[in-house]
Amino acid sequence: MAGEELKYVIALGCLYTNNARKVRSLIEANGSAQKAWEQVTGATKTEALAHAEREMQFIAKHGITTYYYKEDNYPIRLIECADSPVLLFGKGNLQVNNGKFISVVGTRGATERGKDLTRRLVLDLAARTRDVTIVSGLAYGIDIAAHRAALEAGLPTIIVPAHGLDRVYPSVHRQVAVEALANGGILTEYPSETEPEKLNFVARNRIVAGLADAVVVVESKIKGGALITAYLAGDYNRNLYAFPGRPQDPISQGCNALIKNQRATLIESAEDLIRDMQWETKPQAVQTEIEDLFGDLDELEKQLVQTIRAAENGKHVNELIAETGLPYSQAATTLMLLEMKGLVKELPGSIYRAVR
């Protein structure tokens with residue numbers, strides 16, 4: 001796209017923030033963004049054009065890639081969505097049309113269980129299938145757990161923020177954003193100088209949903225951004241999955257409602273997702289993972305890890321003793337060694353959950 005046309009596309013976006021349908025209809029009706037700009041009026045028109053001119057300089061200075069809905073590099077999955085952004089700004093090593101895309105979302109107030117489920121899901125996806133990209137929004141809780149797990153697993157991860165590329169929000173997640181630039185990156189519809197306002201978070205959820213082949217909700221209250229993303233995924237005919245939780249836990253009520261109302265498919269593992277999506281698995285992926293995991297463990301340690309891994313919600317120490325027949329002292333010592341090796345984690349109430 002020529003520089004002048006790009007400037008007017010940006011200017012229209014600044015004039016009609018969070019109204020991609022309006023911007024698209026103006027461009028379509030007038031044949032170009034520049035001609036559309038000539039037809040619009042408003043007190044903030046001069047300010048919007050000045051912002052667009054500054055953005056052109058920002059793009060050139062920082063090596064930003066633009067994705068216009070009429071051009072070939074635009075994410076093909078978003079093209080299908082009627083309210084998708086007219087223009088996107090990207091930074092990093094972004095491959096927006098290659099492979100499988102999974103959006104992982106959930107509450108900002110995630111439990112340790114939710115973070116562990118997220119990490120296990122992403123690591124197991126990396127072990128069991130190919131060409132997976134993890135998409136999320138860099139927020140606290142499930143989002144950041146998903147990005148960190150992707151980086152750990154060597155998977156590309158795409159961050160979809162609610163602001164421009166001149167900042168990172170929340171700032172405590174800056175290092176994750178920086179690391180993502182090497183394998184994945186940041187993709188936003190907002191130009192620089194855009195603040196992370198509440199409405200922007202709601203709007204960006206449609207990108208998180210639209211980019212994906214599958215959307216996974218790990219933990220969610222009955223209301224919140226993750227549920228908005230889930231409903232959008234349904235509107236876009238994306239495969240929607242949710243991890244179940246205990247009925248009395250507010251943090252799981254959103255997931256349980258999605259499952260109960262048949263909006264989402266219940267999953268308990270990456271294997272469930274891969275099977276339902278009918279994706280090809282890596283040859284002997286499970287066996288290779290077990291060999292890598294158990295290579296330096298003795299038989300007793302292997303037995304305990306396998307028992308804990310088989311339990312989705314973890315195992316109480318008394319259950320482990322009953323199932324393995326080990327004396328308490330021996331079981332406790334072995335569990336402590338496994339925890340030191342980073343293979344299991346003790347949760348409140350003497351419950352042990354597999355970490356990997």
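How many bridges join strand 8 to strand 9? Select residues 239-242, which make up strand 8, and you'll find 2 bridges to strand 9, with the two strands running parallel. Strands here are DSSP runs of E with at least two residues, helices are runs of H or I with at least four, and both are numbered from the N terminus. Two strands pair if DSSP finds at least two bridges between them.

Before we go on: this is a predicted model, where local features need pLDDT of at least 70, side-chain atom pairs count only at pLDDT 80 or more, and totals for chains, interfaces and linings use all residues. Residues are numbered from 1 along each chain as its sequence is written, and side-chain values use heavy atoms, with hydrogens and water left out.

Zoom out to take in the open sheet of 9 strands, in the order 1-2-6-5-4-3-7-8-9 with mixed pairing. Strand 1 (65-68) and strand 9 (265-266) stand at the edges with a single partner each, so one side of each has no neighbour in the sheet.

Next stop: an open, antiparallel sheet of 3 strands, ordered 10-12-11. Select 344-347 and 351-354, and you have strand 11 and strand 12, joined by 4 bridges. Can you spot glutamate 346? Its bridge partner in strand 12 is tyrosine 352. Helix 6 (112-128) lies across both strands, at about 25° to strand 12.

**Helix 14**

Jump to residues 299-309 and pick out the buried ones: Leu300, Glu301, Leu304, Val305, Thr307 and Ile308. They fall within an arc of 165° seen down the axis, so they line one face of the helix. (Buried means under 20% relative accessible area, exposed over 50%, partly exposed in between, with a 1.4 Å probe and protein chains only; the arc is that of the directions from the helix axis to the C-beta atoms.)

**Serine 32**

Finally, select serine 32, in the loop between helix 2 and helix 3. Serine 32 is buried, at 15% relative accessible area.

Key
Contact means heavy atoms within 4.5 Å. Axes are lines fitted to C-alpha atoms, for helices over the stretch in contact, and angles run from 0 to 180 degrees between N-to-C directions.
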